[in-house]
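Let's take a walk through this one together.

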2 protein chains.
Amino acid sequence: MSKIQQLKDRLADVNALHCAVAIMDWDQQTYMPRGGASARAEHVGILSRMAHELFTSDETKRLLENAKGESHEDSDEAAMMRVTQRDLDVNTKIPSDLVEEKSKLAAVAHEEWVKARANNDFKGFAPYLERMFEISRQEAEFLGYKNHIYDALLDLYEEGATADDAKRMFTALKGPNVALVRDIQNNGRKIDDSALYGEWDVPTQKAYTEMLVKAIGFDMNRGRQDVAPHPFCTGWSVGDIRLTTRYKPYIGSAIFGSLHEAGHGMYEQGTPQSWDLTPLAGGVSLGIHESQSRTWENIVGRSRAFWSRFLPDLQRSFPALGFFDLETWYRAINKVEPSFIRVEADEVTYNLHVLVRFELECDILENKLAIKDLPEAWNAKYAEYLGITPKNDAEGCLQDVHWSQGSIGYFPTYSMGNLLSYQIWNALRKDLGETDLLIEKGEFQPILQWLQEKIYSQGRKYKPKDLVMRVTGKPMGAEDYLAGLDKKYREIYGI
Amino acid sequence: MSKIQQLKDRLADVNALHCAVAIMDWDQQTYMPRGGASARAEHVGILSRMAHELFTSDETKRLLENAKGESHEDSDEAAMMRVTQRDLDVNTKIPSDLVEEKSKLAAVAHEEWVKARANNDFKGFAPYLERMFEISRQEAEFLGYKNHIYDALLDLYEEGATADDAKRMFTALKGPNVALVRDIQNNGRKIDDSALYGEWDVPTQKAYTEMLVKAIGFDMNRGRQDVAPHPFCTGWSVGDIRLTTRYKPYIGSAIFGSLHEAGHGMYEQGTPQSWDLTPLAGGVSLGIHESQSRTWENIVGRSRAFWSRFLPDLQRSFPALGFFDLETWYRAINKVEPSFIRVEADEVTYNLHVLVRFELECDILENKLAIKDLPEAWNAKYAEYLGITPKNDAEGCLQDVHWSQGSIGYFPTYSMGNLLSYQIWNALRKDLGETDLLIEKGEFQPILQWLQEKIYSQGRKYKPKDLVMRVTGKPMGAEDYLAGLDKKYREIYGI
């Protein structure tokens with residue numbers, strides 16, 4: 001057996017353990033009965049430890065070193081080994097007792113966060129949050145960084161990205177985004193989207209959203225859509241990618257949530273079959289992944305062209321929406337309004353939510369901000385950037401689940417996804433011409449094929465920044481995004 | 001850490017791998033998209049191998065030997081070590097390359113069986129079946145046996161049971177069962193159950209069967225019911241037991257299939273919390289497991305008392321059944337009619353299907369019957385025992401999936417389950433008195449509690465034969481079962 005094959009076999013074993021954890025996680029969020037929680041935590045803990053031990057073992061390192069001699073530069077094998085080396089470096093640097101402590105704390109802190117948000121009790125949650133940030137600081141020190149402690153954490157989610165990249169991005173975004181929001185609020189039309197809230201039949205929503213995700217190209221023979229409280233996309237093979245959605249009084253939750261997750265899902269379904277179950281499979285970074293979910297949710301899904309095709313179907317399914325014409329519907333689903341909830345924010349205010357979190361994370365990690373002072377700092381930033389002030393901490397700094405789970409340092413990738421979605425779309429339009437004509441006819445295949453060829457089929461072969469250069473011819477920047485937003489929303493609001 | 005704790009930790013790791021395989025299997029049979037099959041096979045294969053390697057490793061054996069000194073006779077720990085030793089013996093004796101060959105052959109043979117049955121092509125399937133029996137012969141030789149090659153295989157599913165036990169059982173059953181079937185056919189009433197076939201609304205069936213399984217005591221907070229082509233029960237913790245059912249033109253498929261699986265499920269839910277995820281958890285043998293599914297399906301679920309309580313609900317849910325009175329309904333769901341399909345056979349003819357398979361298995365394993373002659377032998381036995389002859393092999397020896405999957409040697413446990421269901425029920429009635437009164441009122445709790453205390457809470461602590469003695473005061477026999485059947489069916493058929 002070749003040395004590369006020996007390495008591949010080893011990585012396949014690690015992959016099987018990770019996939020077991022992934023399916024257990026999917027099950028927990030979709031179908032698991034309440035009584036299954038404690039055993040599930042136990043099983044996930046054991047299998048995660050096994051995966052970590054097997055992957056970071058001396059034997060894996062030896063197999064990797066042996067295999068390196070056999071691969072040719074620029075080959076897929078070489079890319080696989082580069083990716084494996086990176087994963088190995090990261091996983092080896094963080095000691096397993098810290099991994100274990102974090103995983104246990106996350107389980108407890110998540111429960112405490114749920115309670116704290118329900119009871120508007122930040123003080124009760126503060127000690128867990130304090131410890132979680134302390135663990136992140138330690139992780140960052142183990143991982144190492146050149147300039148900013150944040151670099152070490154962000155790099156986990158977006159290889160090569162730094163706090164300076166994020167700061168530059170937000171500096172470019174902040175002024176124009178805040179200005180656009182103010183213009184809309186002060187000088188723009190009033191848009192009424194109240195008709196989008198109601199009691200919508202769940203089986204009809206299910207049928208409709210499944211029709212939509214299939215229409216844009218998500219392959220239901222190699223995936224499915226279920227219901228989860230917090231929508232996500234996961235998978236364990238190119239032939240089995242799972243979307244989740246949710247059905248809420250706002251009908252946009254199901255529609256745009258489904259399109260969003262299908263964007264993630266089509267990226268995952270685009271892995272070449274020969275890379276399936278290997279380290280090259282799947283998305284290359286959170287930012288580029290998010291660019292694809294935002295593309296299908298916003299650029300395609302919130303366009304006039306899309307609803308010129310799909311509004312009649314929608315109105316047949318939901319007669320209560322029958323009175324909308326294309327223009328009023330288009331405006332209603334693009335209503336801009338500062339709110340406290342990031343996940344339901346419109347395209348324009350979205351980055352401001354992310355900015356608040358990024359700045360606070362930096363301040364806490366640098367010990368410039370104490371956890372006890374977080375609520376005040378949070379509220380001040382909401383007042384400054386969004387012009388609104390949370391009435392309590394449940395609506396304020398207890399909003400997001402991420403910190404309780406130890407996900408610290410990845411909020412910027414949401415905004416990177418927004419920027420990249422427009423930047424990549426412009427590159428696509430240079431090749432394909434007027435995309436509106438395709439979308440109006442429901443012909444998504446040329447669009448999907450382009451993305452498939454340029455991005456999805458590349459898996460993790462290139463580093464994120466290199467992939468962006470290859471696909472768009474320039475590094476990530478804010479100009480395509482800002483221009484796109486300006487054009488769209490100044491027209492919608494008549495300003 | 002105590003030596004017992006070290007062993008427990010090791011076994012918990014093995015258990016986590018087995019549970020990962022179990023949930024992957026559940027998912028494959030319920031929700032997995034078609035495209036997921038090949039990766040699923042790969043993952044299940046890898047994780048099964050890991051579990052086998054980890055369990056049979058020298059380290060596990062060392063931990064077990066070390067721990068033995070620390071446990072007291074008759075303690076739970078001692079029982080756990082006995083069970084572990086048995087599992088270890090069995091798993092160590094069969095070489096892993098045979099395990100691997102069998103698992104691969106099973107994947108291929110199952111597909112070939114599906115094709116062969118669809119095309120009525122026994123010859124196409126014969127080579128796979130030939131090899132599968134050969135592997136079973138080899139397994140049996142590795143496992144060892146005193147009298148009959150069949151003993152080694154049956155013991156895997158029913159510890160301590162032998163071919164002689166099975167032969168004695170069938171000898172006791174055959175005459176009375178065949179005679180009862182003939183009396184019913186020749187001298188009994190004609191029963192019309194055609195109204196049970198129709199197009200039944202699936203959500204209504206789902207709601208109704210979930211109501212039923214909850215009513216008898218299956219805890220939906222610690223379990224759920226989904227749909228699968230072939231109903232089964234599985235689980236990975238006392239807090240997470242999964243039933244499946246199916247919705248067919250015969251409304252009894254969903255009703256009695258659900259009650260059957262709930263019987264398995266309540267057994268699994270009855271494991272003491274402190275044994276959860278340990279080798280003592282779950283059912284002790286296939287025969288005793290089956291006795292519980294048959295109890296709730298037949299003794300409870302096909303009784304007059306049960307439907308005196310539930311027929312009105314049923315008729316509200318399915319108005320097309322409204323014309324039945326209790327007596328005609330009771331007769332319809334207990335109609336006896338020889339057929340070719342074991343899984344849908346009535347209580348009376350059921351064991352004759354099993355007997356056919358058992359006798360043929362013995363003959364093939366002993367090289368008294370060649371695979372090529374199997375169709376003829378099968379048909380001859382159906383003619384002799386059931387009075388009917390399959391019109392082709394699809395209806396004949398290609399009926400059951402089991403052989404293609406390498407499940408050879410466990411058919412007798414189905415009949416053992418039938419015998420034990422009546423034998424245990426009679427012991428229960430000695431303690432609880434007239435159970436019909438409880439069932440009529442829908443008060444299943446005393447029944448469940450009795451079974452819980454005597455059987456479910458004992459897990460794998462006692463050997464199957466010992467447990468039967470403890471619960472019923474005598475070894476397994478046919479008399480309770482035959483008397484029960486005789487009383488019930490002679491009354492139903494007026495003979």
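Start in chain B, where B:Trp113, B:Phe125, B:Leu129, B:Cys397, B:Asp400, B:Trp403 and B:Ser404 line the second largest cavity. Keep in mind as you look that this is a predicted model. The space in that cavity comes to about 30 Å³. Sort its lining by class and you get 5 nonpolar residues, 1 polar and 1 charged.

How many such cavities does the whole structure hold? A search for cavities of 30 Å³ or more turns up 2.

Two packed helices are described by the angle between their axes and the distance between them. Here the pair is H1 (residues 3-30) and H3 (residues 58-68) of chain A, whose axes come within 8 Å and cross at roughly 150 degrees. The crossing of H1(A) and H3(A) is left-handed. On the H1(A) side, the residues that do the meeting are A:Lys3, A:Ile4, A:Gln6, A:Leu7, A:Arg10 and A:Leu11, while H3(A) brings A:Glu59, A:Thr60, A:Leu63, A:Leu64, A:Asn66 and A:Ala67. Split by class, this contact has 6 nonpolar, 3 polar and 3 charged residues.

Now zoom out to see how the two chains sit against each other. In this interface, 38 residues of chain B touch 38 residues of chain A. About 2800 Å² of area is buried between the chains, and carbon and sulfur atoms give 63% of it. Which residues of chain B lose the most area to chain A? They are B:Tyr31, B:Pro33 and B:His43, which together make up 19% of what the chain B side buries.

Note on methods
Residues numbered from 1 in each chain as written. Chains lettered and ligands numbered in written order. Predicted model: local features only at pLDDT ≥ 70, side-chain atom pairs only at ≥ 80, totals over all residues. Heavy atoms only, no water. Axes fitted to C-alpha atoms, helices over the stretch in contact; angles between N-to-C directions. Helix = DSSP H or I, 4+ residues; strand = E, 2+ residues; numbered from the N terminus. Left-handed = near helix turned anticlockwise from the far one by under 90°. Contact = heavy atoms within 4.5 Å. Nonpolar A, V, L, I, M, F, W, Y, C, P; charged D, E, K, R; others polar. 1 Å grid on protein atoms, 1.4 Å probe; cavity = no way out; pocket = protein on both sides within 12 Å on 5 of 7 lines; lining within 4 Å. Points joined across faces, edges and corners; volume = space filled by probe spheres on them. Buried area = accessible area lost by both parts, 1.4 Å probe.
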